[in-house]
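Here are my notes on this one, as promised. Have the viewer open while you go through them.

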Amino acid sequence: MRKCGMPTSSAESGRPPHLLEVRDLAGGYGGSRIISGVTLGVGRGEIAAIVGPNGAGKSTLIKALLGVIPAIEGVVLHDGDDVTNLRTDELARRGIAYVPQSRNVFATLNVEENLKMGGYLLNKKDVGDRIAEVLATFPILTPLMRRSVHKLSGGEQKLVAVGRVMMMRPSAYVLDEPTSGLAEQLSKQLLEEHVARIAESGSAVLLVEQKVRAALETSSWGYLLVSGSVKMSAPPQEMLTSSVAEMFLGQTAGDAQDPGLKQTAGVQLGAEVSPSFELDK
Ligand SMILES: Nc1ncnc2c1ncn2[C@@H]1O[C@H](COP(=O)(O)OP(=O)(O)O)[C@@H](O)[C@H]1O
Ligand SMILES: [Mg+2]
């Protein structure tokens, strides 16, 4: 695999070097290009938030990063390796975990079975240790191990989804709207307690969120994605008070966690209300 020796742009801002990054990434569906020229990244111990209105291309960006759809242009780098257009399972082997926006748990299986599915590539003897690691990070799951996932609350299901990918001890996590469908207080808790804990353990977390304030308050860096391009890359505090973010999010970024629909500057800011927890594909 080609090593890429180019310095990352993160050095200037005092951030750690990017562990996972995209440069000039373009992607879309069929003939249509949804994102283009996207350059961003995240380092070890960081949470970098990608925020933006509904339909901005956040999920598309994540899918092009993770080989779910082809990257038409640009590169994806992990730990200096060019991993552009590698399949998601190959990326998982390399330590890049993906938690999609929906269909991220096996609803009919119990918590323990879900965690075991996440460790299917492991040697059998390691599975128990890895489950113990997940439970040490998310102790709230311990008494729920034998419960079917569809009987859990939305927040608990999200932890199972993250715990499942945690089984492979990834160095980088890509989380697509982990708070979708969760109430405001629960969203804040998920980000501040659980997602923060993942970054504190030294992993890199790329976090896509529509709950802008909660996401930025938990993150060390923010990217604003609008119409498929990065319109702003800044420290979270700067973004929270920025008129640019305000313009594109239709309100002070600080208030944007309001799940009510708001129509401003031609974009609609809304939150998913009914997440689906179907079987994974
Ligand atoms: N599977 C798909 N096929 C065709 N177009 C899609 C598909 N998924 C998303 N899109 C389009 O791509 C654009 C960006 O969507 P998406 O990346 O899901 O935005 P976000 O995650 O920021 O809400 C939207 O116009 C959407 O209709
Ligand atoms: Mg999305």
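**Notes on the helix pair, the ligand shell and the fold**

1. Helices α5 and α6 run roughly parallel to each other, because their angle falls under the 35 degrees cut-off. Bear in mind that this is a predicted model. The angle in question is about 30 degrees, and the axes of α5 (residues 154–166) and α6 (residues 184–200) sit 10 Å apart. As for handedness, this crossing is right-handed.

2. Which residues make that contact? From α5 come G155, K158, L159 and V162, while α6 supplies L186, L190 and H194. Sorted by class, the residues of this contact are 4 nonpolar, 2 polar and 1 charged.

3. Now to ligand 1. Around it you'll find Y29, I34, G52, N54, G55, A56, G57, K58, S59 and T60. Helix α1 (residues 58–65) gives the largest share of the shell, with 3 residues.

4. Is α1 mostly covered or mostly open? It's mostly covered, with 7 of its 8 residues buried. The buried ones are K58, T60, L61, I62, K63, A64 and L65. Take a look at G67 as well: this glycine follows α1 and has a positive phi, near 75 degrees.

5. Finally, the chain overall. Its secondary structure comes to 12 strands and 9 helices. Of its 281 residues, 44% are buried. Among contacts with a separation of 6 or more, 66% are between residues 24 or more positions apart.

Conventions: Residues are numbered from 1 along each chain as its sequence is written. Chains are lettered from A and ligands numbered from 1 in the order in which they are written. This is a predicted model: local features need pLDDT of at least 70, side-chain atom pairs count only at pLDDT 80 or more; totals for chains, interfaces and linings use all residues. Helices (H or I, at least four residues) and strands (E, at least two) are DSSP runs, numbered from the N terminus. A residue is buried if 20 or more other C-beta atoms lie within 10 Å of its own, exposed if 12 or fewer, and partly exposed in between; C-beta atoms are placed from the backbone. Two residues are in contact if their C-beta atoms, placed from the backbone, lie within 7 Å. A residue is near a molecule or strand if its C-beta atom, placed from the backbone, lies within 6 Å of it. Axes are lines fitted to C-alpha atoms, for helices over the stretch in contact, and angles run from 0 to 180 degrees between N-to-C directions. Angles under 35 degrees count as roughly parallel, over 145 as roughly antiparallel, 65 to 115 as roughly perpendicular and the rest as oblique. A crossing is left-handed if the near helix is turned anticlockwise from the far one by less than a right angle, and right-handed if clockwise. Ala, Val, Leu, Ile, Met, Phe, Trp, Tyr, Cys and Pro count as nonpolar, Asp, Glu, Lys and Arg as charged, and the others, Gly among them, as polar.
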